[in-house]
Amino acid sequence: MIVLKVATRLLAIVGKELIEVARRPGALFSLVLGPFLIMALFGLGYNNSGLSFRTVIVVPPGSGLSTQAADYQSFVAPGITLVGVQTDVETARLALREQTVDVVIIAPTDLEANFTAGRQSTIRVEYDIVSPVKANYALILAQQLGYGVNQQIIERAAAKGVSEAGSLGVTSAIPPAVIAAPTIADPHNLAPIDPSLISFFGPAVLALILQHLAVTLTALSLVRERHTGVFDVLRVSPVSAIEIVLGKVVAFAVLGGAVAAVILGLLVSAFHVPFLGDVGLVWTTIGLVLAASLGLGLLISVVSDSERQAVQLALLILLASVFFSGFVIDATQFLPAVQVVGDLLPVTHGIRLLQDLMLRGATTESWRLGVLLAIALVTLATTWLLLRRGLSARA
Amino acid sequence: MTEATPVQAPQPVIVLQQVGRQYADVVALHDVSLTVPPGSLLGIIGPSGAGKTTAVRILTGGLQATSGMARVLGDDPQRFGRRTQERIGYMPQLFSLYPDLTAGENVDFVASMFGMLFARRRQRVRAVLELVELWPERGRRASDLSGGMQRRLELACALVHDPAVLFLDEPTAGLDPILRRTIWTELHRLRDSGRTIVLTTQYVGEAEECDAVALISAGRLVALAPPEDLRRSATGGDVLEIETASLVDGETLTSLPMVRSVDQRSVRHLFVTVDDAGTALPAVIAAIEASGGEVTSSREFRPSFDDIFAILVARHRAELGGSEDGRYPVSSTTTADGGAA
């Protein structure tokens, strides 16, 4: 009889939660479809053409270098759009300040003479960029430019040497291009799929949406009941804290599972995201991400004083997830102490596991499943304890 | 401390012994002692902020008493067992249901929380919704119901598991007089079937519907007695209101054995407190006429419960050091629906 009564209470809580969500479909759509559509738009709209800097080359008078732009096309690396060659440095700098150009490359005045004399020349690269990403990119381009120019100088010098040696009857079997660049890179990506933005971000989007959905819905669900008279009625009834927690977890796990199935289906069928891994393992990961996220959401709801605070905390979780989970920036780029913040979020492990399982077919980091389980157990147990205290009389 | 003894209490269902509740430096309830026998209806009445809801919340386990002892069905409300909880129904003062659920779903949910299985639940949900006249509205969301309907819905939720003890915090607030009559009829029926009911009400006139009334003021129990006893306690007996055509000296009546006191409001207007109005009235009229007066009107004056409670509260305050005299007002009224005017 007791089992029947407990089952009755659990089913009632599950049903109540699902009915409430169903009665407000707008909230569910905005929680699921909103982020999904934004990220789909991002994936489809991002053309991945890379950054391109409008560049001016300054050839100082008397340097003996060509002032024809066509002569410098061989130095132009990807990411540089050569917009002109000038002889006046100040005019080029003015254009930089007015942001009509992004990069100014100032050629050395006496390149050949310095080289012949055994001295290094300096190619000055100036840019006026506040974005750290763009500034780093400009730095890399400047270094690439230096390597390219050096390679061409060595190649010319080698050709000159070979020519002079030939005139003296000495021949060399090594072409000047090989002397200048003895090796060239031949990259091969051994990953089982051809990388694309949609493929890479698809599993991450799935993990992020599931966490956001679970955290937001549970955080609001319980905090609302706590701060209305509903808790007074529940307190008098025989329902226990564990039944309330279990009922909500089951309800939102069912809902999250359905949402996961829809998103997974869309990713695979509409966006052609590869699904190379074991279906069971992928669903285990999804289940654990949901359980850990529900625990996190319920914990937020029992520590929040109001619906507003619960929403704010849920948004903070989302913000932390975007920054520290590896969704945008690889987690290894953070200091170890900061990485811990990411490790406390279910989405961090969900992203890595789902990307591995779906895009590689397997994961070398299955320990993350254990971390997800631990997050779920700790948060749910803490929620239960706090809720049990809340259901007892106010001291 | 004010302590009162209930009418009958061989095996009380509810016991409060010197219960107090303090919030920081504010005393919400002070040394309240009372017992409620099974199958009775106790009304807790008092001004807003008097401590009525605090008392109910202590009894339902929602609030911990800072002193004293509380028992409901023999259990400490802080440690209600599931069996005890299943025998208690509670209707909070504020709307406490799920606005997105329909009326029927809300009642069904609460029934489920009390562990009622499907077949009985379906039967009871219908029964209580019909009782509060919400069966036709069972498919409407709670948020779409009027304030009065929401109160009725909450009452249905409190009744759905057929509890042995009911705590109702202002169950008739916001209801129209006809529906309030229906609710009271049902509460009497429940009481007659052995249920014990404790309720608070802002309608002082509803005190007459209760078997006993606990009057609370400023956290203190001012009085606890059946309504009629309270009336007599407030006035000191039955009250006759006499008007005469000419000047009359009320002092001449004090010599009559059945007269307890005389309150002369003007030269031709008297309130005479007697043991029994029916037997005393002819003697009082005869005494006035014997002294040369001519009675133009005479009737038994039944002060409204608003007046009675005003008198009792004023008297209690005076006992505590206040200055109010505790006399009943001349021109007090009671509204048609029983609410305080």
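Mentor: One term before we start: two residues are in contact if their C-beta atoms, placed from the backbone, lie within 7 Å. Also keep in mind that this is a predicted model.
Trainee: Got it. Which residues does A:Ala331 touch, then?
Mentor: Leaving out residues up to four places away in sequence, A:Ala331 touches A:Phe324, A:Ser325, A:Gly326, A:Gln339, A:Gly342 and A:Thr348.
Trainee: And where is A:Ala331 found in chain A?
Mentor: In the loop between helix H11 (307–324) and helix H12 (336–343).
Trainee: Why is A:Ala331 called partly exposed?
Mentor: Because A:Ala331 has 18 other C-beta atoms within 10 Å, and a residue is buried at 20 or more and exposed at 12 or fewer.
Trainee: How far is A:Ala331 from A:Val21?
Mentor: Their C-alpha atoms are separated by 34 Å, and the two residues are 310 residues apart along the chain.
Trainee: New topic! How many residues of chain A are in contact with chain B?
Mentor: 24 residues of chain A, and they meet 28 residues of chain B. The largest share of chain A's side, nine residues, comes from H1(A).
Trainee: What kinds of residues make up that side of chain A?
Mentor: They divide into 11 nonpolar, four polar and nine charged.
Trainee: What about chain B, how many helices and strands does it have?
Mentor: Chain B has nine helices and 13 strands. Of its 341 residues, 50% count as buried. Its C-alpha atoms fill a box of roughly 80 × 45 × 35 Å, taken along the principal axes.

Conventions: Residues are numbered from 1 along each chain as its sequence is written. Chains are lettered from A and ligands numbered from 1 in the order in which they are written. This is a predicted model: local features need pLDDT of at least 70, side-chain atom pairs count only at pLDDT 80 or more; totals for chains, interfaces and linings use all residues. Helices (H or I, at least four residues) and strands (E, at least two) are DSSP runs, numbered from the N terminus. Ala, Val, Leu, Ile, Met, Phe, Trp, Tyr, Cys and Pro count as nonpolar, Asp, Glu, Lys and Arg as charged, and the others, Gly among them, as polar.
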